[in-house]
Amino acid sequence: MDFFLVLSLLVFAGFLFGLRRGLPYPPGPKGYPIIGNMNMMDQLTHRGLARLAKKYGGLLHLKMGGLHVFAVSTPDMAREVLQAQDAVFANRPANVAIAYLTYGQADMVFANYGSFWRQMRKICVMKLFSRKRAQSWSSVRDEVDLTVRTVAQNLGSPVNICELVLSLTKNMTYRAAFGSFSREDQDDFVKIIQEFSKLFVAFNIADFFPWLGWIQAGEFNRRLVKARSSLDGFIDKIIEEHMQKRKASGDEAADTDMVDELLAFYGEVDASKAAFDDSQSSIELTRDNIKAIIMDVMLGGTETVAAAIEWVMAELMKSPEDMKKVQQELADVVGLCRFVKESDIEKLTYLKCTVKETLRLHPPIPLLLHETAKDTVVAGYRLPAKSCVIINVWAIGRDPSGWVDPEVFKPSRFLTNDSAPDFKGSDFEFIPFGSGRRSCPAMQLGLYALEMALAHLLHCFNWELPDRMKSSELDMSDVFGLNAPRAIQLVAVPTYRLSCPFLVE
Ligand code: HEM
């Protein structure tokens, strides 16, 4: 009996396997032999893939050399991938640069789904992003105050909002991560991080044809080695300083930053990833893990929040009616004779709707990169293991099946509390923070920084475009990279708006 049961299971499994292999790939542009669709490399952007999706549908297939690439561009397909089969799609594709720069995916952002990633995420959420980690949140408040002061010193003159907010978010993450800071070090660090961002998405032939890697190897590898050794030098110095501080204070320092928190898990023995399992109660991090997590936080926290603040300011300057509504709300809730307090934020409904509408139209991470852990089937199509799956959050936020007038900036669409989609991850037409296992673990902290900065900048100051530029003339194009920032940096002239004298509390 057992024999027949086993036999029929084998036959059934074989049938399924055969069936699955026989299934077609999703539709997509026809490729050339060997190179596949590599001639369309320049279309792997949020806009390029959205255009292709209009022709081939919400799940499309491209072959880049030896690599299968699938682009997901509609809410329904995103639900399939990020909810129905979340575990199958929870790995990250690692190209040569990512593998090298993250010390062999020793971080959290690029680690594959599994017990190592789970432990890393647990530590980061508990020790860095949670509400209980007061220092991360006070870093936001301190740096927002400093930014408001900077603006107050430049009343009546053009202020480059892009530079202003990038400096705000960089200082904020730097302060939360390293405690104290020196301006010189920060400039070095930002250059390193920017080079990392470029290298992560740089074209490298070895990613598509490993056997052709030698063609680019020399120049590309030199850049990789240089970037990683700069980061090593920088973070090693910081780790040493923190270890000295720990020794001096007997591990009991009250004022801890992110490096201190991570050092509490530091093992002198080189603990490999293989040593991690879910049941392990004591986690050991290597120096490489600590460096890679610090890099994640700097990369994840700086440009995302800065780009979002700049886009909200730009959309409001483009739409004076909405600017008026946001500022009137601030006047009603806060009043014009004091500064915004943390407790005011929850009452700023229109500001929150404006933030949502901006994240819909300009998600700071427009494309999510995932990888299939095994062969699978979606909507009747075959997706092999180790395929790169790109979820086009930008296209999904503008999909006509989920949104009325999708291209129009209309914060009021979020005023209808009961029916408006939320970005917590279960409404698949609106996923600026992702959804499921790999969604952003710092959503609360990111939103806090975003709302605090905007509430202060819009409450304390009125903003005009420079040189009598009309709001209709404001250029709203973006550029493609890991993030999708504005192509032309926003510049605006502030004037003081409050009736009380300028005193930052
Ligand atoms: C407006 C602000 C932010 C937005 C819109 C945002 C968005 C996202 C998105 C879309 C993902 C990827 C989801 C996926 O692949 O499915 C992500 C992941 C991540 N974010 Fe954020 N993020 C923001 C702020 C932050 C901040 C402030 C930090 C840290 C200080 C941060 C740290 C991370 C990390 C570490 C991951 C990787 C999670 C993983 O792979 O398990 N993010 N974020």
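Modeller: pLDDT is the predictor's confidence in each residue, from 0 to 100. Here the protein chain averages 87, and 89% of the residues score at least 70. This is a predicted model, in which local features need pLDDT of at least 70, side-chain atom pairs count only at pLDDT 80 or more, and totals for chains, interfaces and linings use all residues. Residues are numbered from 1 along each chain as its sequence is written.

Colleague: Happy to move on to helix packing. At what angle do α6 and α7 pack?

Modeller: Two packed helices are described by the angle between their axes and the distance between the axes. Helices are DSSP runs of H or I, at least four residues, numbered from the N terminus. Axes are lines fitted to C-alpha atoms over the stretch in contact, with angles from 0 to 180 degrees between N-to-C directions. For α6 (134-152) and α7 (161-178), the angle is about 150° and the axes lie 8 Å apart. That makes α6 roughly antiparallel to α7 (over 145 degrees). Among the residues that meet are Val-140, Val-144 and Thr-147 in α6, and Leu-164, Leu-168 and Met-172 in α7. This contact has six nonpolar, six polar and three charged residues (nonpolar: Ala, Val, Leu, Ile, Met, Phe, Trp, Tyr, Cys and Pro; charged: Asp, Glu, Lys and Arg; polar: the others, Gly among them).

Colleague: And how far apart are the axes of α6 and α15?

Modeller: They are 10 Å apart, at an angle of about 25°. That makes α6 roughly parallel to α15 (under 35 degrees). Trp-137, Val-148 and Val-151 are among the α6 residues involved, and α15 brings residues including Tyr-448, Met-452 and Leu-457. The contact has 12 nonpolar, three polar and one charged residues.

Technical notes: Helices (H or I, at least four residues) and strands (E, at least two) are DSSP runs, numbered from the N terminus. Angles under 35 degrees count as roughly parallel, over 145 as roughly antiparallel, 65 to 115 as roughly perpendicular and the rest as oblique. Two residues are in contact if their C-beta atoms, placed from the backbone, lie within 7 Å.
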